[in-house]
Amino acid sequence: MTEADIEAVSAVRVHGWQRAYRGLMPQAYLDAMSVAADAEQRRSWFGRRSPEVSDLVAERDGEVVGWACVGPARDPDITPGAGELPAPRPTAGELLALYVTPGLIGTGIGRALLSAGTARARASGFHTLYLWVVRGNSRAQRFYERAGFVPDGAEEAYEVGGSSVPELRYRRALAQGLSGGSGPDRP
């Protein structure tokens, strides 16, 4: 992803939220989402993001049709504590975002982004990849489960438009240079 992709990434993200979270988040909040506002916030963040964070885009016919973001895991129960000096390199990564243009869901773009994000996580030295899924987003849950992710029992809620939105955390071990084996962790 480059800075020139920000507007298109924001469109994919906003339209993705509006489609995926219908009935799971307040409709007024979803309706009020703005590509322009998201792009403004994303521009501000883009220049300050950690070098450990990777933003990836998928293009079709020269247009951005998907976006994924991978970086170090953010949850304190799976990351080194602040009191550890020197802090060890994180071994847990997080799929921070994965969105596909709603009309193109099911065409393989999400799988390609997940594969590229997983490869990036492995290259960063992460042994485990975590992600959060909104409870009730059964399409996303099935997608990640088919890719080898499993719920790890952690649940958390955050506020969206004045309503509590519960999320479930998923995890997947990432093979590090192993030979043999099969399934989603095989390099």
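**Strands, helices and a pocket**

Tutor: We begin with a hairpin in this predicted model. Strand 1 and strand 2 form the hairpin, with two residues between them. Asp 61 lies in the turn and has a positive phi of about 50°.

Student: How many bridges join strand 1 to strand 2?
Tutor: Strand 1 covers residues 54–60, and strand 2 covers residues 63–72. The two run antiparallel, and Ser 54 stands opposite Val 70 in strand 2. The number of bridges that join them is seven.

Student: What is the order of the strands in the open sheet?
Tutor: The sheet is open, has six strands and shows mixed pairing. Its edge strands are strand 1 and strand 5 (150–160), each of which pairs on one side only. Neighbouring strands are turned against each other by 25° on average, direction ignored. The order is 1-2-3-4-6-5.

Student: Which residue in strand 6 stands opposite Tyr 130?
Tutor: Strand 4 (residues 128–134) pairs with strand 6 (residues 163–173) in the antiparallel sense. Seven bridges are found between strand 4 and strand 6. The residue opposite Tyr 130 is Arg 171.

Student: What angle does the direction of helix 1 make with that of strand 2?
Tutor: Helix 1 (residues 6–20) packs on the sheet. Helix 1 touches strand 1, strand 2, strand 3 (92–100) and strand 5. The angle between its direction and that of strand 2 is about 85°.

Student: What angle does the direction of helix 5 make with that of strand 4?
Tutor: Helix 5 (residues 138–146) also packs on the sheet, touching strand 3, strand 4, strand 5 and strand 6. Its direction makes an angle with that of strand 4 of about 165°.

Student: Is Gln 18 buried or exposed?
Tutor: Gln 18 lies in helix 1. Leaving aside neighbours within four places in sequence, Gln 18 is in contact with Leu 30, Asp 31 and Met 33. Its relative accessibility is 19%, and a residue under 20% belongs to the buried class. Therefore Gln 18 counts as buried.

Student: Is Glu 59 buried or exposed?
Tutor: Glu 59 lies in strand 1. Apart from neighbours within four places in sequence, its contacts are Asp 5, Val 64 and Val 65. The relative accessible area of Glu 59 is 53%, and the exposed class begins over 50%. Therefore Glu 59 is exposed.

Student: How far apart in space are Glu 59 and Ile 109, C-alpha to C-alpha?
Tutor: In sequence, Glu 59 and Ile 109 are 50 residues apart. In space, the C-alpha to C-alpha distance between Glu 59 and Ile 109 is 8.9 Å.

Student: Which helix gives the most to the lining of the second largest pocket?
Tutor: The second largest pocket holds about 170 Å³ of space. Ten residues line this pocket, and the closest to its centre are Arg 111, Leu 114, Ser 115, Ala 147 and Arg 172. Helix 4 (109–123) and helix 5 each supply at least two residues of the lining. With five residues, the helix that gives the most is helix 4.

Student: How many residues of that lining are charged?
Tutor: The lining of the second largest pocket includes four nonpolar and two polar residues. The number of charged residues in the lining is four.

Student: What percentage of the residues of the protein chain count as buried?
Tutor: The protein chain has five helices and six strands, in the pattern α-α-α-β-β-β-α-β-α-β-β along the sequence. Of its 187 residues, the share that count as buried is 44%.

Notes: Residues are numbered from 1 along each chain as its sequence is written. This is a predicted model: local features need pLDDT of at least 70, side-chain atom pairs count only at pLDDT 80 or more; totals for chains, interfaces and linings use all residues. Side-chain values use heavy atoms; hydrogens and water are left out. Two strands pair if DSSP finds at least two bridges between them. Helices (H or I, at least four residues) and strands (E, at least two) are DSSP runs, numbered from the N terminus. Axes are lines fitted to C-alpha atoms, for helices over the stretch in contact, and angles run from 0 to 180 degrees between N-to-C directions. Contact means heavy atoms within 4.5 Å. Buried means under 20% relative accessible area, exposed over 50%, partly exposed in between (1.4 Å probe, protein chains only). On a 1 Å grid over the protein atoms alone, a cavity is a set of points where a 1.4 Å probe fits but cannot get out, and a pocket is an open set with protein on both sides within 12 Å along at least five of seven lines; lining residues have an atom within 4 Å of a point. Grid points are joined across faces, edges and corners, and a volume is the space filled by probe spheres set on the points. Ala, Val, Leu, Ile, Met, Phe, Trp, Tyr, Cys and Pro count as nonpolar, Asp, Glu, Lys and Arg as charged, and the others, Gly among them, as polar.
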